[in-house]
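Dear colleague,

Please find the structure below, with the sequence beside it. A summary of what was found follows, arranged by topic so that it may be read alongside the model.

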Amino acid sequence: MDTTTRTKPGAIALVGSGEYLPQMSEIDRFLLGTLGSLAPRVALLPTASGLELGMPERWNTMGVEHFRDLGVEVTPVALINQADAQAQQVLTALASADLFYFSGGNPEHLIETLRDTPAWEAIYSSYCQGAVLAGCSAGAMMLGSYTLSIRSVIGGAAPRWVPAMGVVPGIAVMPHFDRVADFAGQEVFRAILASAPENATLIGVDEDTALVRAAFDGDAVSWRVLGRQTVSVFDGDGRRAIYRAGDRVPVEQK
């Protein structure tokens with residue numbers, strides 16, 4: 001990665017759903033545009049789906065087609081488990097990337113695979129020097145301070161929040177937010193909201209929508225909504241503020 005002209009952290013995209021689908025092309029073009037005049041190189045990271053047979057390959061195949069259609073170089077990275085996160089072949093692929101895209105799956109598996117590994121050190125170092133981090137669904141959940149334990153909710157246990165990678169401190173991301181209540185049921189949904197860590201702001205990102213931190217139109221860096229739906233931000237009393245495409249979102253990083 002060429003870091004000679006980039007000394008600040010890159011853009012971040014917290015995507016509710018839709019990775020590698022046509023409706024996300026405009027958002028991805030914007031993210032690539034934040035890299036300036038580079039010929040951007042994208043690394044696809046299907047790590048979150050590593051426990052699902054055949055899914056890492058499926059996500060990487062979709063991602064290669066998507067980003068090639070956008071005219072950029074793209075590398076599918078086989079980072080599936082902790083052994084891969086130590087492998088020289090993986091580290092070499094990560095070292096040349098300007099945009100890291102984490103697709104969906106299980107956020108806990110993603111965090112457990114990356115934490116305290118050379119792969120994450122390489123990714124985070126590149127981000128601090130200007131590379132873009134894009135996370136969809138589980139990939140977005142991983143970037144906050146906490147993530148909801150999908151295992152506990154699916155298993156019928158009380159909602160449980162676990163520490164995430166903390167790239168965006170003080171937040172917890174709920175992707176697919178427009179469908180969460182229907183999927184989980186109203187009672188479970190209310191329990192999820194009530195159980196959110198007190199020191200984290202809960203942010204719901206709808207499908208085919210992204211909450212992006214970047215410099216927009218030459219302005220200072222800010223958080224804004226991109227995509228077809230909305231982003232919801234809950235305060236400490238559970239009150240919900242809703243933001244639509246183009247809106248600035250006051251993300252308080254604690």
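The largest share of the lining of the largest pocket, four residues, comes from α8. Please bear in mind throughout that this is a predicted model.

**The largest pocket**

This pocket has a volume of about 650 Å³. It is lined by 26 residues, and those closest to its centre are S137, I150, P175, H176 and F183. Three helices each supply at least two residues of the lining: α6 (138-143), α7 (150-154) and α8 (177-184). Sorted by class, the lining of the largest pocket consists of 14 nonpolar, seven polar and five charged residues.

**The cavity**

Rolling a probe the size of a water molecule over the atoms shows where empty space is left. How many cavities of 30 Å³ or more does the structure hold? There is one. Two strands, β2 (41-45) and β3 (73-76), each contribute at least two of the lining residues, and β3 gives the most, with three. In terms of class, four residues of this lining are nonpolar, two are polar and two are charged.

In soluble globular proteins, nonpolar side chains tend to be buried together. The largest nonpolar core in this model has 44 residues, and the ones with the most contacts inside it are L14, L79, F100, F102, W120 and M142. A second, separate core has 29 residues, including A13, F67, A210 and L226.

Not counting residues up to four places away in sequence, M142 touches F102, L110, I111, L114, W120, A164, M165 and G166.

Which residues of helix α5 (residues 118-128) are buried? They are A119, W120, I123, S126 and Y127. Seen down the axis of α5, these buried residues fall within an arc of 130 degrees, so they line one face of the helix. Just after α5, G130 takes a positive phi of about 120 degrees.

The loop between α4 (107-114) and α5 holds D116, and T117 lies in that loop as well. D116 is exposed, with a relative accessible area of 74%, whereas T117 is buried, at 5% relative accessibility. Buried here means under 20% relative accessible area, and exposed means over 50%. Phi of D116 is near 60 degrees, a positive value in a residue other than glycine. Leaving out residues up to four places away in sequence, T117 touches A85 and Q86.

**The loop between β1 and α1**

S17 is found in the loop between β1 (12-15) and α1 (25-33), and Y20 has its place in that loop too. Are these two residues buried or exposed? S17 counts as buried, at 6% relative accessibility, and Y20 is buried, with a relative accessible area of 5%. Phi of Y20 is near 70 degrees, which is a positive value in a residue other than glycine.

S17 also shows how residues separated in sequence can be brought into view together. The C-alpha atoms of S17 and G135 are 118 residues apart along the chain and are separated by 9.3 Å. Leaving aside its neighbours within four places in sequence, S17 is in contact with M24, C136, H176, D206, E207, D208 and T209. One of these contacts, H176, is among the residues closest to the centre of the largest pocket.

**Strand β9**

L202 lies in strand β9 (residues 201-205). With a relative accessible area of 4%, L202 is buried. L202 and Y146 are 56 residues apart in sequence, and 9.5 Å apart in space from C-alpha to C-alpha. Apart from its neighbours within four places in sequence, L202 is in contact with W161, A172, M174, L193, S232, V233 and F234.

Yours sincerely,

A colleague

Key
Residues numbered from 1 in each chain as written. Predicted model: local features only at pLDDT ≥ 70, side-chain atom pairs only at ≥ 80, totals over all residues. Heavy atoms only, no water. 1 Å grid on protein atoms, 1.4 Å probe; cavity = no way out; pocket = protein on both sides within 12 Å on 5 of 7 lines; lining within 4 Å. Points joined across faces, edges and corners; volume = space filled by probe spheres on them. Nonpolar A, V, L, I, M, F, W, Y, C, P; charged D, E, K, R; others polar. Core = buried A, V, L, I, M, F, W, Y, C linked by side-chain atoms within 4.5 Å. Buried < 20%, exposed > 50% of the residue type's maximum accessible area, 1.4 Å probe, protein only. Contact = heavy atoms within 4.5 Å. Arc of directions from axis to C-beta.
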